[in-house]
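This report describes selected features of one protein model. Please examine the sequence and the structure shown below before reading on.

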Amino acid sequence: MHKKLFIPGPVEVTTQSLHDMGVPMVGHRSKDYEKIHAFCVENVKKVLYTDKFIWIGTCSSTGLMEGAILNLCRKKVLSVVLGAFSDRWNKIAKANGHESVRLEYEWGKAAKPSDIDSKLSEGGFDLVTVVFNETSTGVMSPLKDIAGVMKKYPDVILAVDAVSGMAAARIEVDAWDLDFILAGTQKAWSLPPGLAVAAVSERCFKRAETIEHRGFYFDLLNAKEYAAGKRSNQTPSTPGISLVHALGRQAERYSRDLEAHWAKHVEMAKFVQDWARDRGFELFAEPGYESLSLTCIKNTRGISVAGLNAELGKRGYMLSNGYGKLKEQTFRIAHMGTMTLTEVRDLLLNVDDILGFK
Ligand SMILES: *Cc1c(COP(=O)(O)O)cnc(C)c1O
């Protein structure tokens, strides 16, 4: 039996999107592909409120995280670390030979713009990495305000992992003047894994021009040459054409009523948060910074999360245990993308039934 996925990626994919992927193949140097690419870019831009360059990478999100480090860092990175994925940015920076200074928070806490400000004021940094929505802790950091701090540091680029937040929460890339913000298809885009997208500012291209060795597969300047340079609406190597097609369709569907799309996520998040509190659980996230796309619940009632998931599995559902060291101490319910409140309610009715809550 298929288990409906309430885990924070890969998430459930609608049959509509599976159909979108099932179109006949085209050559990646053909006009047909260019049309697919252009449609995808045009609609992703709408969802992100941007006219900036959209980088489509055939890789998981981690690929474009590495791409950011390769193309944007010359000197020293400030890594804002508050969970497993923000720690990954720090590891990628170090793996590429860069000095990376950690601005560290306890898991469950959000990044504070004033802390980033005071760290940057020490000088020597040229890149800051943050995670907008920390999937391991269910914390959403105040991205707009963090971006506001960056105005004081025009020579420092802000790179944002918005993997589980993009297309779930409103992110106004141009109005907030974001430099580099990325996500993969298997989170709130509600598509199979395999593709990553990023909005990229002019400042990023200027920086990349000053870096001699940007690697090959993730060379941002080469990506631009193919997408909006010597060629247009192409990629340097063969892209995941089926996913580019499906992403364009999904972005177009979301863009038809973005207000309703954002409101739905707020509603689903509030529903799960209320359910948890009402059943005597606590939320793991610092109050005021709860994620809109997944809820991380402290297991204050001492249930067996693995046991619950096994029972849910028999009924065709799957939620997520805590991440890494938070296993059994927390559990996570994802509510993003094409997921609806009805489906979330359905899951929780089953959880109530299994745990004898009612
Ligand atoms: C899922 C996730 C990633 C990693 O994505 P991959 O597709 O596995 O590379 C990175 N950051 C966050 C916040 C995520 O949720």
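In which loop is N233 found? N233 is located in the loop between α8 and α9.

The model is predicted. In the loop that holds N233, between α8 and α9, the phi angle of N233 is near 55°, which is a positive value in a residue other than glycine. N233 has a relative accessible area of 21% and is therefore classed as partly exposed.

A second residue of this kind is Y49, whose phi is near 50°, again positive although the residue is not glycine. Y49 is placed in the loop between α2 and β2, just after the end of α2. Its relative accessibility is 24%, so Y49 counts as partly exposed. Another backbone feature is the cis peptide bond that joins G9 and P10, with an omega of about -10°. P10 belongs to the loop between β1 (4-5) and α1 (15-21).

## Helix α2

Helix α2 comprises 17 residues, 31-47. At 1.5 Å a residue, a helix of this number of residues should span 24 Å, and the end C-alpha atoms of α2 are 25 Å apart, which agrees.

The buried residues of α2 are Y33, E34, I36, H37, C40, V41, N43, V44 and V47. An α-helix has 3.6 residues a turn, so residues three or four places apart point the same way. The elements that cover the buried residues of α2 include β2 (53-57), α8 (220-228), α9 (241-256) and α10 (258-278).

## The ligand and its surroundings

There are 13 residues around the ligand, and those that come nearest are S60, T62, T135, D161 and K187. The side chain of T62 has an N or O atom 2.5 Å from an oxygen atom of the ligand. For D161, a side-chain N or O atom lies 2.6 Å from a nitrogen atom of the ligand. In K187, the corresponding distance is 2.7 Å, to an oxygen atom of the ligand.

Taken alone, the ligand exposes 380 Å², of which the protein buries 89%. Two elements, α3 (61-72) and α4 (84-95), each give two or more residues to the shell around the ligand.

## An open antiparallel sheet

Four strands form an open sheet with antiparallel pairing, in the order β11-β12-β15-β14. Its edge strands are β11 (282-283) and β14 (320-321), each of which pairs on one side only.

Strands β12 (residues 294-298) and β15 (residues 330-334) run antiparallel and are joined by five bridges. Within this pairing, T295 stands opposite I333 in β15.

Methods: Residues numbered from 1 in each chain as written. Predicted model: local features only at pLDDT ≥ 70, side-chain atom pairs only at ≥ 80, totals over all residues. Heavy atoms only, no water. Pairing = 2+ DSSP bridges. Expected span 1.5 Å × (residues − 1). Buried < 20%, exposed > 50% of the residue type's maximum accessible area, 1.4 Å probe, protein only. Contact = heavy atoms within 4.5 Å. Near = heavy atom within 4 Å. Polar contact = N/O pair within 3.5 Å; in protein donor to acceptor, adjacent residues only side chain to side chain. Areas by Shrake-Rupley, 256 points an atom, 1.4 Å probe, with all protein chains shown as cover.
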